[in-house]
Amino acid sequence: MTSLFEEVPTSVDADVPTTRVELKLNGETRAAQIEPRLLLAHLIRNGFQLTGTHTGCDTTNCGACTVLFDGQPVKSCTMFAVQANGHEVTTVEGMATASELHPVQEGFKDEHGLQCGFCTPGMMLSAKALLDENPNPTEDEVRWALSGNLCRCTGYQNIVKAVLWAAEKMRQDGSAGDEA
Amino acid sequence: MALDEIKIGGLGASRRRVEDNRFIRGKGNYVDDVVLPGMLHMEILRSPLAHARIKSIDTSAAYAIPGVRMVMTGEMMAARNLAWMPTLSYDTQAVLATDKVRFQGQEVAAVIADDPYIAKDGCEAIIVDYEPLDPIVNPEQAVAADAPLIRDDKVNQNDNVVFDWEVGDREGTDRAFAEADVVSKIKLHYPRSHPSPIESCGSIADFDRSTSKLTVYMTSQAPHIVRAAVAMVAELPEHMIRIIAPDLGGGFGNKVPVYPGYVISILASILLERPVKWIEDKTGNLISTGFGRDVYLDGELALRNDGKILGVRMNTVSDHGAFFADAQPSKFKIGLLHSAFACYDIPTAYLTNRGVYTNKSPGGVAYRCSFRVTEAMFFQERMVQAAADELGMDQAEFRRVNLVKDDDFPKRTPFGFLTDSGQYEKCLQLGLDAIGYDDFLKQKEEAKKKGRLLGIGISTMTEPLGAGNSREYDILGIKMFDSAELRVHMTGKAILRTGAKTQGQGHETTWAQIVAHELGIPAEDIVVEEGDTDTAPFGMGTYASRSTPVAGAAVSMVSRKIRAKARKIAAHLLEVSDEDIEWELGRFYVRGAHDRGVTIQECAMAAYSNVPDGLEPGLENNAYYDPPNLTWPFACYIATVEVDPQTGVWDVLRLVAVDDCGVRINPMIVEGQIMGGLTEAYAMANMQFITFDEDGNCVGSNYMDYLLPTAWETPGFELHEVVTPCPHHPIGAKGIGECATVGGPAAFVNAVMDAVKDTGVRNIDMPLLPDRVYEALQTGQDVSGAPPVRNR
């Protein structure tokens, strides 16, 4: 879609209102004109075409759609996009810089914390939120923090190891607790 | 010098996964991530009732919604002879219902619209007038004399029996039972479960009228089978069909069958000449797509007083739902259920199976399982524990008495399979040592004095993984071989394609390791592609742990063909005859002159620039591999648990796993597979099942009701290994992806049953929910998990 051209339905239902939403997405201010019923996950995926945020269950259970909302993990499949107006949203695409992976991403690869990869973005964002608040979590604290994210492949053991690996690396790098 | 195989990422390297580079960046490419120009969106309207006659469907209000492009009904499908489609088990399944709905969630209509929200609006605007009929969810009730006929669409179908099947030696088994000192009996139900990958099913059909080409992006574990099925069902020419399975968000058997949604999206695209995307929601996935298990056992073991098993009798009933849509080899009606007791030395066995129709969703897929072996091994290990208890024998000793000995191979199983390798007793002993068996038995007795209930459960099993051989294994007549194609480029880099389809198993990493092992090309120089039927060689796909046993073997074989040709080129470059050439990893050299050699990369360059006379240029080949036998990994899983007598809640104290899957290509990935499998085993023992109320409403239709374990509940696992190479596989590997799911549940259940043994309870059906365990403790009676019988 560009400003030069946008096809519109031939039989416009005049009663469908749209609204403007503006948010900071992975550090960049973005805006869109949307139907109020659009879910945040779909704004991110279909609107802004950041498809790393997955939708798994549509009912806030599986956590594949987890994004950080003002730094807190939320399930974007059961939030309206309009609720993000004026807020900061971080998706998996916002975790790495051009040259460097986030330690959580490195940890997931190094400890074989993923198999099919579908739950991984949400899982990593929940892990990042934990480590941003608690740089030195116990295994139980990691397991509890990830208990809103389902994985069917790994059995979680390597995911937990991956998060502890990342915590260790962040403490060594001195990046623990830094909110970039 | 020969290369260091681990350094080049060859066999045995715990190489970090290549595919992770995109997944950790959110750059995976799943079906729902694919966007095509002009794409429309489809949503399916499903039946709210389990059994009802459709009197009328009114779509006019849906058509009135702006943005709705088409509404499809059974009538429209029937006009094109597509209202019904064949299943993978020679039955038929409704694509969109015409006459009746036969399970809750059955596909009734579909709306194609400009966006998925409008498509959902359209579904809500469709008015279907149903005349309710009596639903049946209990298989015993399904075969009662007065049961309503579910499949009245089928000619000559006068009852709800799908088939009767038997295997084994009936008379011989009767004789064994007549001679037995003790007969141990147990009744079990392996409940219906759902594989439930986090990604549901979906497709994007894109028919191009100008070229007649149909391209379908699809969540499929077996894209080539789908191409063949679409060619036959939709009567489209096979060369004009391209199925692309991009990244899959898990499969576990759920993504083997062809589902109505795929077929409807294809017809919609043909009719509208636009790409049509269908993404199933979670409820649709749970209530309509391939389930696993749902088999009842009436089992008996003929025993001698010294613990020797003389014979096995298994009478089983399987609930297939409304359509017999099991994904399994055609010769075996109930998969490989008769692989039961393969690890034990038992002279005779007999098994019957009756399949029945009920008003439930169809499927019967191999849920992380090689075709019903999960039920087989669960039944086996529960029967074994019950028998040991019956004889008053220690459960480990009872197994030791009956396990096949190392020097007995090759050995016929009681039902006639041929096992070829293993060190069963060694695995068992390793497991017992690791868990501290004798110490735990003492702890258990101590705990008992304080009113605490501890238990230990063992599960030992070998299972048949990696179908075929093609003599015995086919699906719809297509033989179960697999394939690989390898192209080595002139700079020594390569692309490998296979007929398998990874869905988390890490093929992009491990297949390159096999090539590295065979050719000495570093794994990082090999790219692996799967899932596109226009480019990948024909193969039967990934399920039943068949990738490494079959496609993985094909990767070895094609690499060896490449090496054989490279040898000729090496001889030419070194100016000696073929016979004077020796091979070491990554390099040919002249016999007796080790320093005179050429690398595989130099041979690759010469294949395109300096080919000897009479040899065709290039360095490419393919291999189709038909394995001589299944592979037979062995596993010993031992769980210890504590049951809370106040609540019926049980906790896993430890889980020790000993797996012998032969040679491990990538130990890190193998261990990942085992831990994932153990988690699904724990899930089935503890919480995960799909059941129905008496009206046929699916209980478990979303993740609030269908419980999957999280990181919080899932116990830690302790892994151990034994390596007995497979004698017929080119690199000695066996299947592994499913062992833990197959063997694991019995370890947990046996442990809980051991903890409550003193109450006299002999069985609680899975999942061992706290209320079931509590009821058993209170009543001292077995607890059944069978679905309700409807009072009419």
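Modeller: Happy to! Between domain 1 of chain A and domain 2 of chain A the count of salt bridges is zero. Please keep in mind that this is a predicted model. What the two domains do have between them is six residue pairs in polar contact, with both residues at pLDDT 80 or more. On the side of domain 1 of chain A that touches domain 2 of chain A, strand E3 (66-69) and strand E4 (72-75) each supply at least two residues. By class, that side has six nonpolar, 11 polar and one charged residues.

Now for the extent of this contact. Domain 1 of chain A covers 19-94 and domain 2 covers 103-171, and their centres, taken over C-alpha atoms, are separated by 21 Å. Here 18 residues of domain 1 of chain A are in contact with 14 residues of domain 2 of chain A. The area buried between these two domains is about 1100 Å², and carbon and sulfur atoms give 63% of it. Within what domain 1 of chain A buries against domain 2, His54(A), Leu68(A) and Val92(A) supply 38%, more than any other three residues.

Of its 180 residues, 51% count as buried. Among contacts in chain A between residues at least 6 apart in sequence, 56% join residues at least 24 apart.

In the contact between the chains, 52 residues of chain B meet 46 residues of chain A. Together chain B and chain A bury about 4300 Å², with 57% of it on carbon and sulfur atoms. On the chain B side, Ile24(B), Tyr117(B) and Ile198(B) lose the most area to chain A, together 18% of what that side buries.

Helix H1 (20-23), helix H4 (116-125) and helix H17 (667-686) of chain B are the elements that give two or more residues to the side of chain B that touches chain A. Among these, H17(B) gives the largest share of that side, eight residues. The residues of the side of chain B that touches chain A divide into 22 nonpolar, 17 polar and 13 charged.

The side chains of Arg152(A) and Glu680(B) meet at 3.5 Å, N to O. This pair crosses between chains, from Arg152(A) in the loop between helix H4 (139-145) and helix H5 (157-173) of chain A to Glu680(B) in helix H17 of chain B. Both Arg152(A) and Glu680(B) are buried.

Arg192(B) and Asp319(B) pair through their side chains at 3.9 Å, N to O. Arg192(B) lies in strand E10 of chain B and Asp319(B) in strand E16 (residues 309-319), so the pair ties together parts that are 127 residues apart in sequence. Arg192(B) and Asp319(B) are both buried.

Strand E10 (residues 182-193) of chain B also holds Ser193(B). Ser193(B) counts as buried because its relative accessible area is 1%, under the 20% cut-off. Its side chain makes a polar contact of 3.2 Å with that of Tyr706(B). Not counting residues up to four places away in sequence, Ser193(B) touches several others, including Phe291(B), Tyr367(B) and Met684(B).

A further pair to examine is Arg400(B) with Glu425(B), a salt bridge whose closest N and O atoms are 3.9 Å apart. Arg400(B) lies in helix H11 (residues 395-402) of chain B and Glu425(B) in helix H12 (residues 424-435), so this pair ties together parts that are 25 residues apart in sequence. Arg400(B) counts as partly exposed at 22% relative accessibility, and Glu425(B) is likewise partly exposed at 33%.

Technical notes
Residues are numbered from 1 along each chain as its sequence is written. Chains are lettered from A and ligands numbered from 1 in the order in which they are written. This is a predicted model: local features need pLDDT of at least 70, side-chain atom pairs count only at pLDDT 80 or more; totals for chains, interfaces and linings use all residues. Side-chain values use heavy atoms; hydrogens and water are left out. Contact means heavy atoms within 4.5 Å. Buried area is the accessible area (1.4 Å probe) that two parts lose on being put together, summed over both. Helices (H or I, at least four residues) and strands (E, at least two) are DSSP runs, numbered from the N terminus. Ala, Val, Leu, Ile, Met, Phe, Trp, Tyr, Cys and Pro count as nonpolar, Asp, Glu, Lys and Arg as charged, and the others, Gly among them, as polar. Domain bounds come from an automatic or database domain assignment. A salt bridge is a side-chain nitrogen of Lys or Arg within 4 Å of a carboxyl oxygen of Asp or Glu. A polar contact is a pair of N or O atoms within 3.5 Å; within protein, one must be able to donate a hydrogen and the other to accept it, and residues adjacent in sequence count only if both atoms are side-chain atoms. Buried means under 20% relative accessible area, exposed over 50%, partly exposed in between (1.4 Å probe, protein chains only).
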